[in-house]
Structure formats: structure tokens, C-alpha cells
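Visitor: Could you walk me through this model, one question at a time?
Guide: Gladly; here it is.

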Number of protein chains: 4
Amino acid sequence: MANALKEKIAAGRLVTVMSAHNPLSARLAEEAGFDGIWASGFELSAAYGVPDASLLSMTQHLDMTRAICEQVAAPVVADLDTGYGNAINVGHVVGAYARAGAAAVVIEDKTFPKDTSLLAGGRQELVRVGEFEGKIEAAVAAGKDRSVLVIARTEALIADLGLDEALRRGRAYAEAGADLILIHSKKKTPDEIVAFTERWDGTVPLVIVPTAYPALTEAKVRTLGKIAIVIYANHAVRAAVTAMRKVFAEIRRDGGIDKVDKEIASVEDIFDLQRVGAMKAAEKKYLR
Amino acid sequence: MANALKEKIAAGRLVTVMSAHNPLSARLAEEAGFDGIWASGFELSAAYGVPDASLLSMTQHLDMTRAICEQVAAPVVADLDTGYGNAINVGHVVGAYARAGAAAVVIEDKTFPKDTSLLAGGRQELVRVGEFEGKIEAAVAAGKDRSVLVIARTEALIADLGLDEALRRGRAYAEAGADLILIHSKKKTPDEIVAFTERWDGTVPLVIVPTAYPALTEAKVRTLGKIAIVIYANHAVRAAVTAMRKVFAEIRRDGGIDKVDKEIASVEDIFDLQRVGAMKAAEKKYLR
Amino acid sequence: MANALKEKIAAGRLVTVMSAHNPLSARLAEEAGFDGIWASGFELSAAYGVPDASLLSMTQHLDMTRAICEQVAAPVVADLDTGYGNAINVGHVVGAYARAGAAAVVIEDKTFPKDTSLLAGGRQELVRVGEFEGKIEAAVAAGKDRSVLVIARTEALIADLGLDEALRRGRAYAEAGADLILIHSKKKTPDEIVAFTERWDGTVPLVIVPTAYPALTEAKVRTLGKIAIVIYANHAVRAAVTAMRKVFAEIRRDGGIDKVDKEIASVEDIFDLQRVGAMKAAEKKYLR
Amino acid sequence: MANALKEKIAAGRLVTVMSAHNPLSARLAEEAGFDGIWASGFELSAAYGVPDASLLSMTQHLDMTRAICEQVAAPVVADLDTGYGNAINVGHVVGAYARAGAAAVVIEDKTFPKDTSLLAGGRQELVRVGEFEGKIEAAVAAGKDRSVLVIARTEALIADLGLDEALRRGRAYAEAGADLILIHSKKKTPDEIVAFTERWDGTVPLVIVPTAYPALTEAKVRTLGKIAIVIYANHAVRAAVTAMRKVFAEIRRDGGIDKVDKEIASVEDIFDLQRVGAMKAAEKKYLR
């Protein structure tokens with residue numbers, strides 16, 4: 001089975017992936033030209049109004065991921081958090097995401113239930129390397145039939161364990177079969193990630209999530225080499241929140257929608273995003 | 001069982017209701033000071049990337065409505081479209097929305113499957129008055145135990161049937177037990193709604209959705225009297241789309257997130273919306 | 001894409017399909033040697049304790065069908081009732097069932113919401129032939145990529161419209177692209193179905209559901225020819241109800257489970273059906 | 001808010017609770033006269049064809065529990081396994097089950113992901129007492145508004161930790177606020193449970209699940225005192241499996257359904273269980 005993400009990575013160009021919390025945001029990301037979609041646990045948790053701390057169930061995330069896969073052609077990278085349990089859960093879950101159409105899955109080496117990575121004072125505890133290797137192997141086995149890429153995410157830097165431990169884990173996970181290593185950092189500057197990348201001697205490419213260190217542009221990432229994918233992991237929901245807050249406040253202040261009506265996407269714009277035109281064409285063909 | 005929406009209406013102040021497509025947008029609407037939340041079929045369809053034409057299942061909308069009810073204190077008005085079938089379906093469905101926590105339900109007098117109301121060239125066909133009266137009665141019976149308000153929505157003006165037919169239907173629906181009548185119009189000016197309101201002599205108050213005629217401000221609505229609720233039915237998703245489009249384009253153009261990072265809500269803002277603080281307090285109390 | 005059901009039909013042997021209301025009953029049917037699984041709307045409605053009258057949502061049935069497809073190798077025939085709306089809904093829905101793994105879909109020519117076919121005094125009204133042809137064409141188009149068979153079910157005999165109308169509809173549906181025609185009858189003897197089959201001159205094979213006329217054995221069906229599939233449409237749930245009633249009553253009467261314990265499947269039997277052995281093997285491999 | 005289960009326990013009569021895997025089995029249990037329904041994780045896992053090892057998601061179990069609560073008047077005892085994570089998850093989850101209508105929740109002191117209790121060679125590891133006390137407190141707090149009973153289940157005997165540890169845990173959990181203590185045993189005779197009960201000096205009553213030791217009848221349980229609830233935890237699915245296997249084999253052997261048709265519940269019986277009569281009455285009232 002072909003895997004569009006694998007092909008994009010193989011082409012050697014830096015792959016950019018934008019987060020989504022529903023098919024609509026995914027479609028907008030695809031329209032904007034991003035190479036792939038990040039079916040983000042953080043964004044979906046935010047959309048549901050709950051902390052990103054293993055509170056949403058696997059099914060809630062899986063259903064949204066499936067809905068996204070159905071509405072975009074771009075490859076979808078599914079955020080599986082810690083894999084919803086042990087290696088057995090990982091195998092069960094990766095099979096389900098593969099059938100839902102995910103091109104890649106990311107599992108991280110934290111304990112369950114996780115806490116979100118960038119939270120000051122969050123609980124950040126890692127599982128043993130051996131345990132996580134088993135999870136990677138189970139994920140690889142479960143995704144093989146559909147050529148799902150397995151991205152192993154180490155939170156060693158998030159847990160303040162240092163570069164050496166991060167590298168050690170990254171190498172072990174690559175050995176265990178991970179197709180890419182996601183190295184996460186909460187530092188406000190790119191230095192830590194740059195240092196990791198420079199020292200990275202593993203056999204597989206890297207993935208980064210520059211939320212905390214936005215100064216690391218794609219141009220700079222390209223000069224570093226070794227990094228195959230950049231994930232912008234929360235910008236859809238952050239943009240949406242900003243706008244809804246502003247527009248809601250304006251409506252309250254104006255006592256009406258007359259002014260905001262010209263500032264926001266029209267109802268017809270939304271119709272287009274809903275593919276109403278295709279439905280009308282189908283109605284002509286099939287409704288009698 | 002108390003019903004916060006009923007109390008607000010009884011208080012005599014114009015009730016403003018903002019649309020939402022997930023608990024996050026609902027929470028932002030509540031924060032902004034809106035009196036209630038519109039669990040909008042149009043917004044949810046848009047969020048799923050499909051036309052608002054009875055394609056989402058009842059369960060998909062019910063699950064999202066329940067999730068919204070769980071995350072806001074503001075009363076939630078559930079958009080049931082045509083009620084997912086006949087009067088039997090309506091009874092089944094209204095019971096489910098009542099248990100999910102909805103304060104009110106809206107059912108419209110179009111045939112199933114519906115087409116969205118403001119679409120130029122959309123299919124707009126109404127069921128017989130007698131059939132819809134039966135649906136209203138079934139809804140009232142199903143919602144009674146939990147004091148759910150039943151709002152009957154007539155699409156007579158949307159279907160170009162004229163003011164007289166709209167008034168006739170409104171009166172019949174009020175007679176059948178509807179607590180409020182939602183009168184919908186696709187005209188670009190408020191004239192039609194103003195005319196309807198002036199001629200309205202039914203026994204129950206009105207609800208309007210001024211999407212097409214945004215010039216009708218709350219101040220003007222108050223002078224008209226008779227209108228108890230204004231629903232802003234699609235402004236959450238339209239605001240979100242506008243912002244995501246803009247931010248995505250900027251990131252593509254800049255080749256990175258450095259610039260947009262200062263323009264959008266911070267990750268910490270999102271944590272607050274997720275009530276991370278309450279979780280951290282609970283962790284102190286319960287994690288040992 | 002291969003379709004195991006198509007291959008079985010092509011092989012010329014009468015295909016027997018057993019109903020299921022969950023993956024467990026499907027697995028037992030597969031174990032017993034049935035060729036395929038009927039993801040039955042009637043059984044699922046019964047499992048949920050509600051009438052088979054379009055009360056369960058599409059999502060509820062789709063989720064169960066997907067779960068069944070994940071747990072059996074046998075091809076699954078999905079019961080889509082009337083297709084959940086018009087031809088547009090049918091296209092939407094068939095796409096979803098195809099992705100869920102269904103080998104075939106059945107849509108029937110009744111109006112929505114349907115009433116169950118064998119209910120004395122049930123509402124049985126058919127849509128126009130032209131309307132249903134559009135639905136078939138939409139189904140065929142939506143299922144093509146995954147080689148889903150489209151089975152058109154006519155309820156002409158259920159609605160007391162006579163053999164001629166049933167034949168006329170069957171032919172029209174085959175012309176519109178249906179891969180098979182399901183002819184349903186509520187008669188207590190096979191005569192009506194036999195007569196229909198003998199007169200059938202359509203280009204595609206037939207499917208029957210002998211619930212009402214159990215005397216029509218597979219041996220007799222084979223002698224009739226033209227019939228490719230026999231669906232036993234409700235025997236899983238009927239068997240389960242019978243047994244649960246009996247066992248529950250025994251436990252109440254005995255004031256305990258000592259006696260029934262030897263009469264019912266052991267806990268270890270259930271473990272085997274849950275594939276606990278495979279999990280234990282995976283644990284050995286992946287848990288460290 | 002009243003709690004029917006609490007009232008039954010207070011009445012002093014031994015409360016018998018039967019397992020269910022869907023609303024239909026729950027309805028049959030209610031009909032048979034059981035006092036309550038066990039929304040069993042084991043039965044639901046079996047119904048989905050997967051091991052009872054934290055593979056089903058919380059949402060899958062919650063949705064089924066809600067569906068059961070909607071179809072029976074009898075109080076429903078929800079099987080939450082280990083609570084789907086830590087105390088924060090427990091609080092989140094118990095709130096959801098309370099809103100779904102559960103009268104009681106059971107959480108057990110095993111680590112996540114759990115393994116089923118009666119499996120020879122299963123993984124049986126317990127969390128620290130302090131950790132579990134926090135979970136109980138979080139459950140109690142989350143269920144208080146709706147008067148949900150919190151049943152703490154200790155697996156100390158399942159994990160071969162001995163009577164003393166079981167008693168120590170039981171007492172600690174009662175101190176932490178549990179309304180009842182479920183003591184589970186895998187012994188083939190009642191001796192261990194009898195010994196535990198005789199030594200039990202905690203402040204709250206006990207719950208037992210005599211799957212492994214069926215010889216302990218209700219009459220004997222009553223003589224022991226201290227035990228308020230007996231849960232028959234898997235007999236619905238075991239009865240159903242036995243019957244489906246038998247009936248499926250008969251149909252295969254007979255090459256038809258003629259013979260089994262007289263041995264199993266009729267289609268009309270199923271209509272009654274689906275409450276078709278009530279729907280027909282509602283149709284008369286509301287369909288015009």
C-alpha cells in the first residue's frame with residue numbers, strides 16, 4: 001500500500017505538517033499548502049474543553065482522526081499520546097488508526113496518563129526504554145500491512161533528563177524499528193534542538209515540534225539536515241480561539257452582527273468548504 | 001426541574017444565543033457574555049467538512065451537544081433540524097437531548113433530508129402542518145420531565161410561501177404546544193422579519209436568526225417586542241475559518257511560526273480554557 | 001480491490017449469510033461455517049431495545065458494522081435500511097460503510113423512516129421507482145472504488161403491491177446497476193417467493209430472507225436456481241434472547257448460579273472467543 | 001437525588017445484580033426480577049470480540065452503559081475497571097457515568113491496563129493503597145451530586161496477596177469513602193470469600209462476584225450477613241454464546257431454519273422486547 005507521507009519524505013524536501021482539531025481545520029491546512037495534517041491530541045482536548053491529560057478516550061480521538069482522513073487527501077499523522085496503555089494496547093490502537101486512514105502514528109515514551117508537554121510543573125515521567133521498545137515493535141507490526149509510519153517521540157528533554165538520555169532513547173527507538181524519531185523540547189530557544197540534531201547519529205530522520213522555540217524557521221531547519229518533518233502542533237486551535245474571542249466580544253459590544261459580518265468568512269465561503277457544489281452536482285445526477 | 005433558559009426569557013430581557021461547534025467555542029461564547037449556546041447543525045456540519053443536509057447522524061450531533069452541555073453553565077439550545085424523521089423519531093431524539101442536558105430543542109418544518117436554509121437554489125420543501133403539529137406534540141411530551149423548551153421553526157419564508165403561510169404555521173405550531181416560534185428569513189434586509197413580528201399575534205414569543213439580515217441589531221429587536229431570543233447561528237465557525245486561513249497562509253509565507261506566535265492566543269491561554277488549573281488543584285488533592 | 005463475497009457468488013455455490021448484532025455473534029456465525037455476516041438493523045435495534053424503525057442512528061449501525069468487520073474474515077453484508085435519506089445520503093453512507101470494510105450493502109425501497117417489514121400493521125410505503133434508481137446509482141458510484149456489491153431490496157410484496165410490481169421494480173433496479181435483488185416476503189409459506197423466482201428474468205441473481213417462510217430450505221433454494229444468497233436475518237438475537245431468558249429464570253429460581261454454571265459456556269470458552277491466547281502470545285513478545 | 005440501589009440496600013434484602021452487554025440483555029434481566037444491572041466490562045469486551053484488558057475505550061463502555069440506563073428502570077452498576085487512569089481520570093469518568101444514569105460505579109485497585117481477573121496466568125498487579133484511596137476520594141466527589149454509590153473493588157485475593165492484605169485494603173478503602181467493598185476471589189470454592197466475610201469488620205457492606213465459586217448460593221450469602229450485593233458478572237453473555245453456537249450449528253446441519261424456528265424466541269417476542277406496542281400507540285397519537 002502506498003503511503004503519501006513516506007513518498008514526500010523520500011523526496012528529500014522538508015515536510016510541513018499543520019495541526020487540526022476537526023476536518024474543517026484540516027481542509028484549511030491542506031488548502032494552505034501544508035504537506036500533512038497533525039491529528040493533534042492537544043487540539044482535540046482543547047476543542048472539548050478538557051486538559052490534554054489522557055482524558056479524551058481513544059475512541060474520541062480515533063473518530064475525529066477518521067473524519068479528518070475522509071475529508072483531506074493530505075497524509076494524516078495521528079497523535080496517539082502514550083498509546084493508550086501498554087504494547088498490547090498500542091497494537092490494538094495502531095491497527096484501528098491504520099484502518100481509519102492514518103499515514104503515520106506518533107507514540108511518546110511517557111507514562112499513562114500523560115500530562116501535556118509544555119505545561120510548567122506538569123507531571124513528566126518516562127517509561128523504561130525496554131518497555132517503550134516493545135511498544136514500538138507492536139506498533140510497527142500492527143501498521144505494517146498498511147505501510148503506516150511509526151514515529152517514536154521521546155520526552156527525555158521535556159522530563160529534564162538531558163541530551164545524552166534523549167540521544168540514547170532516540171537511538172534505541174530507531175533500533176526497535178521506529179521510522180522517525182520525534183524529539184520534543186520546551187526550551188524557548190532552538191539551541192537544545194539544534195544541539196540534539198547536530199549530535200544525532202541514528203539511522204532514521206527526525207521530527208520536531210517548534211511550539212516553544214518558534215524562532216527555528218523552516219529555512220534554518222533545512223540547513224540542519226536530518227530533520228524530515230516539522231509539526232506545527234497547536235496553531236489551528238490557537239488561531240481559532242483568538243478570532244472567536246475577538247468576534248464574540250465585538251458582537252457583544254455592538255449588540256449585533258452587522259459589523260462583524262463583513263470581517264469574517266461569508267456563509268457562502270463556508271458552503272464552499274463544505275463542498276456544497278459537489279453535492280448540488282450529485283443532486284442533479286441522482287435526485288429524480 | 002429548573003430551566004435556566006426559561007428563567008432568562010421570563011425575566012423579559014432579550015436573550016442572545018451564540019453558535020458553537022464544540023465545547024471550546026461554547027466556552028468562549030459563555031465567557032463573552034452570551035446568554036446561551038446554539039448547538040448548531042450548520043456549524044457542526046462545517047466542522048466535519050460536509051454540507052448541512054442531514055448528512056451528519058443524530059449521534060454525531062447529540063454527542064457534541066452533550067459534550068457542550070458538560071462544559072458550560074449557559075443553557076444550550078439544540079438544533080435538531082427536522083427531528084431526524086417523523087414524530088416517533090422526534091420523541092426518541094428529544095428524550096436523548098433532554099438527558100444530554102439541552103435546555104431547548106429546535107425542530108423545523110422541512111422535509112427530511114433537509115437542505116441548509118440560506119443556500120441559493122437549495123431544496124426547500126415543507127411538511128404538512130398537521131404532520132408537524134404531531135412532531136411538536138411528540139417533542140413536548142418527550143421533553144416535559146426535564147422542562148425542555150420546544151422551539152418550532154417554520155421555514156415558510158425560506159420556502160417562499162409568504163407571510164400569511166408563515167403566520168398560519170406559527171400560530172398552528174404554538175397551538176400544538178411549542179414554547180416559542182422561530183421564524184427564519186433569507187432576505188438581506190430585516191423588512192420581512194419586521195413585518196412578520198408586527199403581524200405576529202400568536203400566544204408565544206419569537207426567536208430569530210439574523211444571519212441574512214445582520215442590520216437588525218439587538219436594540220432594534222427590543223423595540224419590536226415579541227422576540228425573546230436572537231440566535232447568532234454561524235459566527236463561531238466563520239470567525240474560526242477566517243483566522244485559521246490567515247494564520248496558515250502567514251506560516252506558509254514566512255516558512256515558520258515566529259511571527260504568528262505573537263498574534264495568536266498563547267499555549268497558556270489554551271491551558272486556561274482547558275481548566276488546567278482546576279486539574280492541577282485536583283492532582284494536589286487526589287494524587288499520592 | 002478483491003471482494004470475497006463476489007468470489008463466493010461467482011463460484012456458483014449458494015451463499016449463506018447469518019445475522020449478527022455484535023462482533024461476538026459474527027464470530028460464532030463464522031465459526032459455524034456461514035459464508036458471510038448480515039450486519040442486521042433489526043438485530044442491532046433489538047440489542048438496543050428499540051423498534052427497528054429508523055431510531056438507531058447511522059453512526060450507531062456503522063460503528064457496529066466496523067467492529068464486526070474488524071473481527072471476522074467472512075464478508076459482511078451491511079443492512080442500510082432505506083439509506084438514511086435520499087440519494088445524496090446514500091452516497092455519503094455507502095462510502096462510509098465501504099471504508100468500514102463492508103463487502104456489500106443492502107438498501108430498500110421504503111420511505112424514511114421505515115417500519116420493520118414483518119410487523120403486522122406496520123407502515124409500509126415505497127418510494128417512486130425513479131427515486132430509488134437514483135439511490136442505487138449513487139450507491140454503486142460510492143462503492144465502486146472498493147468493489148462493494150450493491151443489493152437493492154424491494155419491499156413490494158411486503159407492501160402488498162403484488163408480484164408484477166415486485167418484478168417491475170426488481171428489473172428496474174437491476175437496470176440501474178444493482179448487483180443483486182433482494183426480494184422480501186412476509187408470507188408464511190414459500191409460494192410467493194417461489195413464484196417470484198420462477199418469473200424472475202432480470203440480469204442479476206436474487207437474495208432472499210426466509211424468516212417468515214422457514215420451510216424453504218437451502219436444498220429447495222438450490223433447485224430454484226437464480227438465488228445466490230440466503231440471509232438468516234434475526235436468528236442470532238432470537239437464539240440469544242431465548243437462552244438469556246431461560247438462564248436468568250433458572251438463576252432466580254435456584255437463588256444462585258451453581259446449576260446454570262454447567263449448562264452454559266465456560267468463562268474459558270469466552271476467553272477463547274476473545275482471542276486471549278493471541279494476546280498472551282503478544283504479551284510475551286512485546287511486554288518487557 | 002434519589003438512588004434506587006441505595007434504597008434497596010437500605011431495605012436490608014440481599015440485592016442481586018445481573019450482567020448485561022447491551023440494553024436487551026439488561027431488559028431481560030430486569031424482567032427476570034434481578035434488582036440491578038451490571039454494566040460489565042468483561043461482557044462488553046466479549047461482545048466486541050476482544051480480551052477484557054483495557055482495550056475497549058471508556059467511550060465505548062460509557063455509551064453502552066448510557067444506552068442500558070435508558071432502557072431499564074432497574075439501577076445500573078457500572079464496571080469502570082481501574083478507572084481509566086489516575087484519580088483525575090476517575091473524577092472525569094465518574095462524572096460522565098453519573099450523568100449517563102449509573103446508580104453505582106465500581107473501580108478496582110489493579111494497575112492500568114488491567115487483565116481480566118479469572119484468567120490463569122493473567123497479569124495481576126495492584127496500585128499502592130494511597131494511590132487507590134485518592135481514586136476513591138475523587139470518585140466520591142465526582143458522584144456526590146447525583147448520589148452515585150462508589151464501590152471499591154480489591155483484587156488482593158486475585159493477586160494472591162492473602163486475606164490480611166485484602167482486609168487491610170478493604171478497610172482503607174472504606175475509610176477513604178467507598179460505600180461498599182467488592183471482594184473478588186478466583187478460588188473454585190467459597191471458603192476464601194467466607195473467611196474474608198467472617199473477618200470483615202469494616203464499616204460498610206460487601207459485594208461479591210461468585211463466578212469462580214458458584215456453589216455459594218444466595219441463601220448461604222444471607223446467612224453470612226455483611227454482604228449487600230451479589231453480582232452475576234458474565235452469565236448473560238455465556239448464555240447467549242451457548243445458544244447462538246447451538247442454533248447456528250443446527251441451521252448449518254439442517255441446511256435451513258425450519259427446525260430452529262420453533263425452538264427460539266419468535267420475531268413477535270422480539271417486537272415486544274423492542275416495545276413496538278408503545279411505538280404503535282405513539283404513532284396513533286402523533287402521526288397524521
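Guide: A word on method before we start: copies are superposed by least squares on the C-alpha atoms of residues with pLDDT of at least 70 in both. This is a predicted model, in which local features need pLDDT of at least 70 and side-chain atom pairs count only at pLDDT 80 or more, while totals for chains, interfaces and linings use all residues. Residues are numbered from 1 along each chain as its sequence is written, chains are lettered from A and ligands numbered from 1 in the order in which they are written, and side-chain values use heavy atoms, with hydrogens and water left out.

Visitor: What kind of axis relates chain C to chain B?
Guide: Chain C superposes on chain B by a rotation of 180° with 0.0 Å of shift along its axis, at an RMSD of 0.0 Å. That is the relation of a two-fold axis.

Visitor: Which residues of chain C lose the most area to chain B?
Guide: Contact here means heavy atoms within 4.5 Å, and this one takes 17 residues from chain C and 17 residues from chain B. Since 100% of the interface residues of chain C are also interface residues in chain B, the copies meet through the same surface. Buried area is the accessible area (1.4 Å probe) that two parts lose on being put together, summed over both; for chain C and chain B it is about 1200 Å², 63% of it on carbon and sulfur atoms. In chain C, 36% of what that side buries comes from the residues that lose the most area to chain B: C:Leu55, C:His92 and C:Phe112.

Visitor: How many salt bridges does the rule find across the interface of chain C and chain B?
Guide: A salt bridge needs a side-chain nitrogen of Lys or Arg within 4 Å of a carboxyl oxygen of Asp or Glu. Across the interface of chain C and chain B, the number of salt bridges found is 0.

Visitor: Which residues have the most contacts inside the largest nonpolar core?
Guide: A nonpolar core is a set of buried Ala, Val, Leu, Ile, Met, Phe, Trp, Tyr and Cys residues joined through side-chain atoms within 4.5 Å. Beyond four places away in sequence, A:Tyr97 touches residues including A:Met58, A:Leu62 and A:Val105. The largest core has 401 residues, and those with the most contacts inside it are A:Tyr97, B:Tyr97, C:Tyr97 and D:Tyr97.

Note on methods:
Buried < 20%, exposed > 50% of the residue type's maximum accessible area, 1.4 Å probe, protein only.
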